[in-house]
Amino acid sequence: MFRRLDVAARAVVDAPVRITVEGRSVTCRAGDSVAAALFAAGVIACRDTAVSGVPRGPYCMMGVCYDCLVNIDGMANQQACMTPVRVGMAVRRQIGAREVKL
Amino acid sequence: MTSPHSQMTAADPTRQVFDVAVVGGGLVGSAIAYGLRGSADRIAVLDEGDVAFRASRGNFGLIWVQSKGMGMAAYACWTLASSRLWPQFASMLLEESGVDVCLEQNGGLFPLLGDAETEARVDFMTRMHAQPGMARYPWKLLDRHQTADLVPGLGPEVTGAIWTPVDGVANPLKLLRALHTVFSKSGVRYLSGHGVHDIQREHGVFCLQTAKGPIRARKIVLASGLGNQVLGAKVGLTLPMGPQRGQILVLERTRKMLPVPFVTMRQTDEGTWLLGDSQEDAGYEDGVVTLPVLATLADRAVRTLPALKEVRVVRSWSALRIKAQDGFPVYEESSTHPGAFIATCHSGVTLAAAHALTLAPMIAHGSLQAEVAPFSTRRFHVQKT
Amino acid sequence: MSNVAHCDLLVIGAGPAGLAAATQAANLGVDTVLLDEQPAPGGQIYRAVTSTPVQDRSILGPDYWHGHGLLKPFEQSGARYLPRSTVWALNRTEPDRFEVAFSIDGQAQLIQPRHVLLATGAQERPFPIPGWTLPGVITAGAAQILLKASGVVPTGRTVLAGSGPLLYLIAWQYLNAGVPIEAILETTPRGRWRKALPHVWGFLRSPYLAKGMKLLRAVQAGVPIIRGVSELEALGARQVEQVRFTAAGKEQVLPVDQLLLHQGVVPNVNLARALGVEHLWRDRQACWEPRVDAWGATSIAHVGIAGDGAGIAGAMAAEHRGRLAALHAAWALGKIDQARRDREAGSPRTALARAVRGREFFETLYRPPVQISRPVGATIVCRCEEVTAAQVRETARMGCPGPNQMKAFLRCGMGPCQGRLCGLTVAELIAEEAGRPPQDVGYYRLRFPTKPLPLGELATLPQTQDSMDAVVRFKKS
């Protein structure tokens with residue numbers, strides 16, 4: 001479980017960025033990565049692997065492990081730790097291999 | 001847990017005489033070694049180290065018939081025969097190694113983007129099939145509509161494709177792994193780090209000089225890809241060869257969606273995509289990929305299947321094809337050094353079945369048969385005079 | 001796609017080495033561009049130093065805030081700065097020019113520098129234990145990034161495990177922020193202190209000694225530390241629930257909500273390797289380093305490496321090496337003469353020598369235990385392709401000569417991380433099974449792109465008549 005330090009929590013109140021995670025509304029701090037926002041919202045697993053379907057979550061937070069993949073606004077396999085939150089962003093769990101939309 | 005160094009506790013390979021030593025542990029050498037079992041007791045496969053030219057690792061995995069044989073009808077026949085042996089080969093490998101090489105022979109497509117390409121390719125196929133002695137298999141020009149029926153999401157610039165039912169694919173890496181697994185289960189000695197730099201003959205036994213000592217064998221098969229030119233010369237075989245570089249893009253896994261392979265695009269059993277390919281004269285620079293070629297490969301792929309635009313390129317490959325000067329295989333037994341055979345080709349996957357089930361028995365028997373006579377180096381000498 | 005940009009010097013990475021180098025070079029009149037994949041400068045060690053919500057400086061500590069001091073000189077130097085830019089290809093196109101491809105905001109761009117300085121830093125050493133892929137198991141570095149960049153901290157039961165100074169740094173920062181830690185599980189094997197002792201003189205003269213001891217004492221006072229930990233495992237069904245380990249001959253199980261792992265850092269080698277820079281295996285550090293000279297120059301002309309990417313030596317050493325590499329670049333580009341280069345190098349050289357004092361001691365002390373660098377059984381080695389230690393070992397025993405053949409057989413190294421989290425482990429396992437040193441075993445052969453990018457983006461880059469002839473062939477068979 002993760003939480004924001006008071007100073008960061010205040011920033012969320014002062015200048016909230018609202019996104020949705022699996023359809024549920026989550027309020028974030030401007031400048032946070034999607035991965036940080038997920039941790040702060042109590043979400044530590046963000047995908048099921050393409051190889052065996054086991055759950056994974058962010059591991060390195062610096063863009064090298066590729067375990068933090070999520071679907072953002074319909075785009076599959078986006079690195080949550082390398083993507084800053086944006087107003088209205090829709091984040092969904094990356095379930096297995098990506099679909100190819102014809 | 002098995003003890004470490006188990007390979008080393010086996011008998012010292014420099015202290016015995018093998019029945020056959022195959023130089024080269026890639027797809028050609030390994031398929032031949034596989035097929036030699038049963039007719040030979042002591043077989044060794046000599047391979048170089050981990051970083052070598054290794055064409056077998058840069059392989060697309062096509063078991064392809066429709067592009068083969070212009071200028072040599074016998075090559076088309078040999079290719080078609082191999083593709084027909086593949087189902088038997090695949091099930092033998094599965095049974096013996098437990099590895100499924102994921103053979104699919106549901107046909108294949110050659111994509112055509114525009115009238116000029118269509119005209120050129122139809123002309124090519126027509127002329128090729130008009131050659132005397134050409135292999136007989138059905139081929140068809142599909143229009144855009146028919147192609148789109150086979151490939152959902154086909155790009156608007158694809159005006160059609162050449163289709164044949166005899167083309168197919170397998171997983172080339174699993175094929176190599178299956179073969180090597182069979183070696184370790186059946187006592188074929190796979191010796192890595194044993195690059196051969198010289199060959200001598202003493203008292204009817206070949207002596208292959210390697211960095212780790214001499215390997216002796218009554219028969220040898222040179223299947224060392226680009227190394228065959230130098231080694232062939234040591235046993236009286238003149239084989240001018242040249243490397244031809246090919247670059248390939250690999251895309252991440254997606255849900256399965258390409259039911260029929262293109263010659264330039266296929267989706268593997270794991271869900272990854274292979275996009276190819278280039279043919280370049282670039283010497284031996286196989287460690288390099290070049291941006292313009294990658295861009296052209298990507299552009300072509302996106303035109304063929306636009307939905308791939310958002311799928312990520314996870315790596316690229318650059319490998320050297322093994323090409324004799326006319327591009328066709330070479331199989332020959334040396335006349336000056338009987339018992340020394342050479343096998344060279346650039347379609348290691350397509351021909352793996354023929355190598356294992358047709359060529360290897362010929363080698364074991366002691367002489368190559370008429371079916372592979374067109375592939376001897378004598379054809380180069382005829383052209384010269 | 002916009003016109004291709006040019007510059008004299010391209011610096012890749014905006015950590016201490018990159019910032020210091022770009023500043024120095026631009027001040028010497030070199031037309032310099034600094035590219036970095038993060039949205040703000042600082043690299044990882046000074047991550048979010050311009051935007052962190054943790055403004056109370058006593059929490060993150062003075063070493064972190066030192067990084068802030070690098071920014072104004074950089075801004076004033078005149079170097080151009082491109083954030084959110086991920087470099088993925090680098091080729092020499094002419095004798096005196098490179099072509100570098102990068103992605104910014106989903107668009108592929110090209111830039112053509114005459115000289116390149118890689119300052120891409122370090123990454124956490126892979127720490128393969130059973131269960132390390134469970135959600136809730138993250139690196140100590142990841143935890144530190146959450147703290148620095150977002151002010152996000154763990155609650156509930158938090159356990160840190162591993163070894164190395166960074167483990168204690170994050171523990172100290174958490175204590176400062178009022179974050180409780182259940183325990184630190186120290187995996188440094190008993191007896192390592194004795195082994196490191198011959199190097200203790202260097203450590204005693206190190207500028208970090210006083211600071212380090214103070215930090216260590218504070219952590220020891222505030223967190224239970226269990227030493228000599230082995231058989232470390234993360235347990236849980238769909239996320240980590242417990243950590244199991246052995247210490248002092250007894251097995252223990254602790255319930256946890258998150259497990260923070262750290263086993264030191266290693267150089268980020270992918271870009272350098274794809275370029276063909278020669279690398280050497282460093283046995284004391286148990287990792288590969290690029291071969292560089294005293295100026296950071298590599299085996300490839302006009303390519304230099306500075307900072308932790310050239311060998312782990314810490315943030316201060318990275319700054320000094322960055323300045324030395326910039327001086328060398330300025331000379332190589334003809335902006336300053338050799339006499340000036342050598343003269344101005346005096347001060348950073350002295351500072352560098354001081355900054356690296358004590359490294360051998362730490363390297364020996366904190367070299368990963370064999371149980372962790374050479375895992376067994378069902379422990380995942382390649383996270384992307386889910387290949388286990390047992391599979392790698394079995395394939396090695398079959399005679400597989402190296403990581404590239406291993407990759408072909410098992411797919412390890414074929415995932416999007418391109419071997420960053422498995423390459424070291426695979427080499428160590430082959431080394432053990434084959435009885436050969438890692439130097440002999442080698443590493444994956446890497447090519448561009450060094451970071452994945454969408455196919456459509458690649459398709460927008462320029463093609464040539466040659467490339468089209470090579471690919472679209474209707475003249476040959």
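1. At what angle do helix 2 and helix 6 of chain B pack, and how far apart are their axes? In this predicted model, helix 2 (residues 27-36) and helix 6 (residues 172-186) of chain B meet at an angle of about 40°, and their axes are 10 Å apart. Helix 2 of chain B and helix 6 of chain B are therefore oblique to each other. The crossing of helix 2 of chain B with helix 6 of chain B is left-handed. From helix 2 of chain B, the contact draws on B:Leu27, B:Ser30, B:Ala31 and B:Tyr34. Helix 6 of chain B contributes B:Pro172, B:Leu175, B:Leu176, B:Leu179, B:His180 and B:Val182. Sorted by class, the residues of this contact between helix 2 and helix 6 of chain B are eight nonpolar and two polar, with no charged residues.

2. Helix 2 of chain B also packs on helix 9 (residues 352-365) of chain B, here at an angle of about 55° and with the axes 7 Å apart. That angle makes helix 2 of chain B oblique to helix 9 of chain B. The crossing of helix 2 of chain B and helix 9 of chain B is right-handed, whereas helix 2 of chain B passes helix 6 of chain B in a left-handed crossing. On the side of helix 2 of chain B, the residues that meet helix 9 of chain B include B:Val28, B:Ile32, B:Gly35 and B:Leu36. Among their counterparts in helix 9 of chain B are B:His355, B:Leu359, B:Pro361 and B:Ile363. The contact of helix 2 with helix 9 of chain B comprises 14 nonpolar and two polar residues, and no charged ones. B:Leu27, B:Ala31 and B:Tyr34 take part in the contact with helix 6 of chain B and in that with helix 9 of chain B.

3. A further feature of chain B is an open sheet of three strands, in the order 4-6-5 and with antiparallel pairing. Strand 4 (108-112) and strand 5 (140-143) of chain B are its edge strands, each pairing on one side only. Neighbouring strands of this sheet are turned against each other by 30° on average, direction ignored. Five bridges link strand 4 of chain B to strand 6 (residues 160-164) of chain B in the antiparallel sense. Within this pairing, B:Pro111 has B:Ala161 of strand 6 of chain B as its bridge partner. Helix 4 (residues 115-129) of chain B lies across strand 4, strand 5 and strand 6 of chain B, and runs at about 135° to strand 4 of chain B.

4. In chain A, strand 6 (residues 69-72) and strand 7 (residues 75-79) pair in the antiparallel sense over three bridges. A:Leu69 is bridged to A:Gln79 in strand 7 of chain A. Strand 6 and strand 7 of chain A form a hairpin with two residues between them. In the turn, A:Asp73 has a positive phi of about 50°. Strand 6 of chain A is also joined by three bridges to strand 8 (residues 90-95) of chain A, and these two strands run antiparallel. In strand 8 of chain A, A:Val91 stands opposite A:Ile72.

5. Between chain C and chain A, 39 residues of chain C are in contact with 34 residues of chain A. Elements giving two or more residues to this side of chain C include strand 7 (122-124), strand 8 (137-139) and strand 9 (152-154) of chain C. Helix 5 of chain C provides the largest share, six residues. The side of chain C that touches chain A has 17 nonpolar, 14 polar and eight charged residues. Strand 1 (residues 2-4) of chain A runs antiparallel to strand 9 of chain C, joined to that strand by three bridges. The partner of A:Arg4 in strand 9 of chain C is C:Val152.

6. Between chain C and chain B, 45 residues of chain C are in contact with 52 residues of chain B. Among the elements that give two or more residues to this side of chain C are strand 4 (85-94), strand 5 (97-104) and helix 17 (423-434) of chain C. The side of chain C that touches chain B has 23 nonpolar, 14 polar and eight charged residues. Strand 15 (residues 312-324) of chain B pairs with strand 23 of chain C in the antiparallel sense over two bridges, and B:Val313 is bridged to C:Leu453.

7. On confidence, chain B averages a pLDDT of 92, and 95% of its residues score at least 70. Over residues 1-9 of chain B, however, pLDDT stays under 50. For that stretch the model has eight contacts beyond four places in sequence. Where pLDDT is low, the predicted coordinates should not be read in detail.

How values were computed: Residues are numbered from 1 along each chain as its sequence is written. Chains are lettered from A and ligands numbered from 1 in the order in which they are written. This is a predicted model: local features need pLDDT of at least 70, side-chain atom pairs count only at pLDDT 80 or more; totals for chains, interfaces and linings use all residues. pLDDT is the predictor's confidence in each residue, from 0 to 100. Two residues are in contact if their C-beta atoms, placed from the backbone, lie within 7 Å. Helices (H or I, at least four residues) and strands (E, at least two) are DSSP runs, numbered from the N terminus. Ala, Val, Leu, Ile, Met, Phe, Trp, Tyr, Cys and Pro count as nonpolar, Asp, Glu, Lys and Arg as charged, and the others, Gly among them, as polar. Two strands pair if DSSP finds at least two bridges between them. Axes are lines fitted to C-alpha atoms, for helices over the stretch in contact, and angles run from 0 to 180 degrees between N-to-C directions. Angles under 35 degrees count as roughly parallel, over 145 as roughly antiparallel, 65 to 115 as roughly perpendicular and the rest as oblique. A crossing is left-handed if the near helix is turned anticlockwise from the far one by less than a right angle, and right-handed if clockwise.
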